Amino acid sequence: MNTPLVALASVVALVLAALGGLSTALRRRTGLAHLVAAGALEAVLLVQLALVAVAMAGGQRPPETATFLAYLISVVLVPVAGVLWARSEPTRWAGTVLAVAALVVSVMVWRLLQLWEATGA
């Protein structure tokens, strides 16, 4: 796991959460800015996934590998699910859906880092 990428993912996720919250507060639907932010978040997560896959192929493994892999796969899917749900939601609450998904990602990436850096002792 790459700590700067985890921090970047958190920042992008918080920007997406702010956009979602703002659109809900203004009673607006989600738009292009939301999709761009979600796409940027997904790109950061996919880069992190690739780096972890390379590290694991090289022999590095966290002590709780199954839990780590479950988090890793889930965190990549959360923004996609959030966007799909938000795009199918025709009301102003689509922004809230994206905000919640982004906040979930922000927490999950830090938990992933904790799991990766655990010593297993």
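**Entry 1: the chain.** I looked up burial and found that 40% of the 121 residues of the chain count as buried; buried is under 20% relative accessible area, exposed over 50%, partly exposed in between, with a 1.4 Å probe and protein chains only. I note that this is a predicted model, where local features need pLDDT of at least 70, side-chain atom pairs count only at pLDDT 80 or more, and totals for chains, interfaces and linings use all residues. Residues are numbered from 1 along each chain as its sequence is written, and side-chain values use heavy atoms, with hydrogens and water left out.

I listed the elements next. The chain has 4 helices and 0 strands, as DSSP runs numbered from the N terminus (helices H or I, at least four residues; strands E, at least two). The C-alpha atoms fill a box of roughly 50 × 25 × 25 Å along the principal axes. I checked contacts, meaning heavy atoms within 4.5 Å. Of those with a separation of 6 or more, 80% join residues 24 or more positions apart.

Entry 2: Leaving out residues up to four places away in sequence, Val 105 touches Ala 13, Leu 41, Leu 45, Val 75, Val 78 and Pro 79.

**Entry 3: the cavity.** I searched on a 1 Å grid over the protein atoms alone for sets of points where a 1.4 Å probe fits but cannot get out; lining residues have an atom within 4 Å of a point. The count is 1 cavity of 30 Å³ or more. The largest cavity holds about 60 Å³. Its lining includes Met 1, Leu 45, Gln 48 and Val 75. The lining residues divide into 11 nonpolar, 1 polar and no charged.

**Entry 4: record and one residue.** I checked UniProt, where an unreviewed entry places "transmembrane region" at residues 35-56, 68-87 and 93-113. Such annotations may be inferred rather than shown by experiment. In the model, residues 35-56 are 100% helix, with end C-alpha atoms 31 Å apart. Residues 68-87 are also 100% helix, and their end C-alpha atoms are 29 Å apart. I then picked Ala 81, found in helix H3. Ala 81 is partly exposed, at 44% relative accessible area. From Ala 81 to Val 97 is 9.6 Å, C-alpha to C-alpha.

Methods: On a 1 Å grid over the protein atoms alone, a cavity is a set of points where a 1.4 Å probe fits but cannot get out, and a pocket is an open set with protein on both sides within 12 Å along at least five of seven lines; lining residues have an atom within 4 Å of a point. Grid points are joined across faces, edges and corners, and a volume is the space filled by probe spheres set on the points. Ala, Val, Leu, Ile, Met, Phe, Trp, Tyr, Cys and Pro count as nonpolar, Asp, Glu, Lys and Arg as charged, and the others, Gly among them, as polar.
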